[in-house]
Amino acid sequence: MTTVGSGSKVVVTVGNRMGLHARPASRLVKMLSDFPGATVTLAREDNPGSRADCRSILSLIVLAAGQGTRLILSGSGENAEAAVSKIADFFAVNFDEE
Amino acid sequence: MPFSGQNFKVIAISPGIAVGRVQPIRRKGAPGAPVLHEISPEMVPAELERFRQCVRDTREQLIALTQAVRTKLHTEDAGIFDAHLMLVDDLSLTSEVEKRISDNLWPAEYALYDTAEYFVRVFSNIQDEFLRERAADIRDVFDRLMGNLSKQERRKTDRDDRRIIVANSLSPSETVSLDNSRILGFAIETGSATCHTAILARSMRLPAVAGVPAEVINSLSADDKIIIDGFSGRLIVNPDDRTEESYRLRAKSAVEFYHKLERDKRLRPETTDGFEIDLAINIGSADGIAELKRSGASGIGLLRTEFLFLETRTLPDEETQFEIYKKMLIAAEDAPVIVRTMDIGGDKLDNNIFRSSESNPFLGLRGIRLCLYERRDLFETQLRALLRAGVYGNLRIMFPMVSSVLEVLEVRRIISELQARLAEEKKEFLRKPVLGVMIETPAAALMADELGKHVDFFSIGTNDLVQYTMAIDRGNERVAYLYKPAHPAILKLIHTTVAAARKHNIYVSVCGQMAADPELIPLLVGLGVNELSAESGSLPLMRRVIRSISLYDAARVAEAAMASPDAYTSLELSLDLLKRCVPELFTENIAGKERK
């Protein structure tokens, strides 16, 4: 995975074979429950309009982020930086999948 | 209905004839749009409440599933239900549906259907192959929601008539969940004589056909009437009166013939020259034991234990399993009961429970492989329960999907360990369990001589043996024409197995679909197997065939069949013998049906 930029906006890459499917998406949603004040979104780098709310598993899956997709991860609000960094870490370990 | 009056050639998978109205079961991929009609604004709150109730029901089911799975399985497998639960709770899903109900004045079904279609459309545009496949998760959730919604509906409109189930395909758990007393028969698109729908239909003595074209399945509605002929493989849509009448007559004559055969159930299944073939039955649940007396079988040739996992949706502990096995063994009195240890993998499980991520599960970690290398905990629990229950009857334990002697040695080592622990715990258990292996891989058949040194019996699982030998997926109707148990390659593998068994003085049973096919019985008898085991509904016909032929003739036919160039020639040899010895099979249209 690659991380570009700083603060509460980074670019992450989907590294696992299956992509951002239901299971990792659900874990991602769960992670955000520790950050009730933060708004975190993911958007495809190649289509910034495709913005997904990271609290909605459905919108995450609809992103259709397969292996190798670059996504813009941005956060705002309370503790946004911590939330973004936690999610970026989750991308970095390929969602604990192969 | 565009196909009215048309007569389709399909695949016969369970004998019998049914004439009746259709009960369509629509699921994944089928364009089963609910009827769209506008509702009055006063009905909106009620429809919203129906949808919310269905969300609550779905949540409850998923929570129960998650818990059942989490206690016994990898957390990874339980994780998928977490994801499903989250999808159900997802605000964008519920608000989309509710918006359609209140703004468009749509009934809940149509609102849910339309929302599902929207997301499915989004998914079908996904380029990434893996992700597109994972979109199945969303479809699963919508199917579950729709199922719960229509259950509410069904309660309202229950009509008390028996119907022919029409579906693209039915999973084992769906088949089990159908109400038997309402079913006249089955007509499905995807399936074969060895699929679970076929096995179930035969055990319920209901006719079934497969290979029905998808466009026919999708256009049939509850108002259409069809005829299915499970003898010759025919499906007729909205027949004219004459056709219907002639089929009703044939159905009656076929039923009478079967009843006549049933009266012979006390006659010994021996050939005309006096060789007895044991006739046993395959059962898939504890209740099946009742079939033992009813069918006049000598024992249970195959008890599939997957029901333990499917029906309760939890994995029962040792005590529960012990009680189930004990009760069955006592009920069987001294008749032998062959219990197959859990055969998970391949098509054998509800994907909702054991979601495997293998790209080719039939060649993956299934049967004994899963038991030895991944789920040894479950395997040991089952073996302990069996060893303890074994003292109450005539138990034989059988292991599926064996492909190497090393697996048998490992199983034996585990059993000794478990016995030592049971002895320490001062529990009663079988000291010398009777152990056997399924011969269902070509490797096992070719190595039968080695395997025979370490086991007490063989049971040939022909469904998988044919699949693995011919390299065809049994569920794939495009290669179904290659599914030929009479193929000389299969006969040679059975011959090798029987020869090894004779050398080691152990017995050979056949528990696959081949054992139940009257056209193939002469070959099996001729090859020298000791026992044929099938669904109880097939026994009367099997008994008739065995009692009509001689071992001498059958052995000569089998020898010639093994030396024949292809499956057609070998089948012809068997049919020739049957025409001479059991002509009633042909006058009743049971054998000699068209085979490609």
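Along its sequence, chain A shows the pattern β-α-β-β-α-β-α, with 3 helices and 4 strands. Helices (H or I, at least four residues) and strands (E, at least two) are DSSP runs, numbered from the N terminus. The model is predicted: local features need pLDDT of at least 70, side-chain atom pairs count only at pLDDT 80 or more, and totals for chains, interfaces and linings use all residues. Residues are numbered from 1 along each chain as its sequence is written, while chains are lettered from A and ligands numbered from 1 in the order in which they are written.

**Sheet**
- The 4 strands of chain A form an open antiparallel sheet in the order β1-β4-β2-β3, where strands pair if DSSP finds at least two bridges between them.
- At the edges lie β1 (9-13) and β3 (47-53) of chain A, each pairing on one side only.
- β1(A) pairs with β4 (residues 70-77) of chain A over 5 bridges in the antiparallel sense.
- A:V12 has A:L71 in β4(A) as its bridge partner.

**Contact between chains**
- In all, 18 residues of chain A are in contact with 18 residues of chain B, a contact meaning C-beta atoms, placed from the backbone, within 7 Å.
- On the side of chain A that touches chain B, α1 (22-32) and α2 (57-62) of chain A are the elements that give two or more residues.

Notes:
Contact = placed C-beta atoms within 7 Å.
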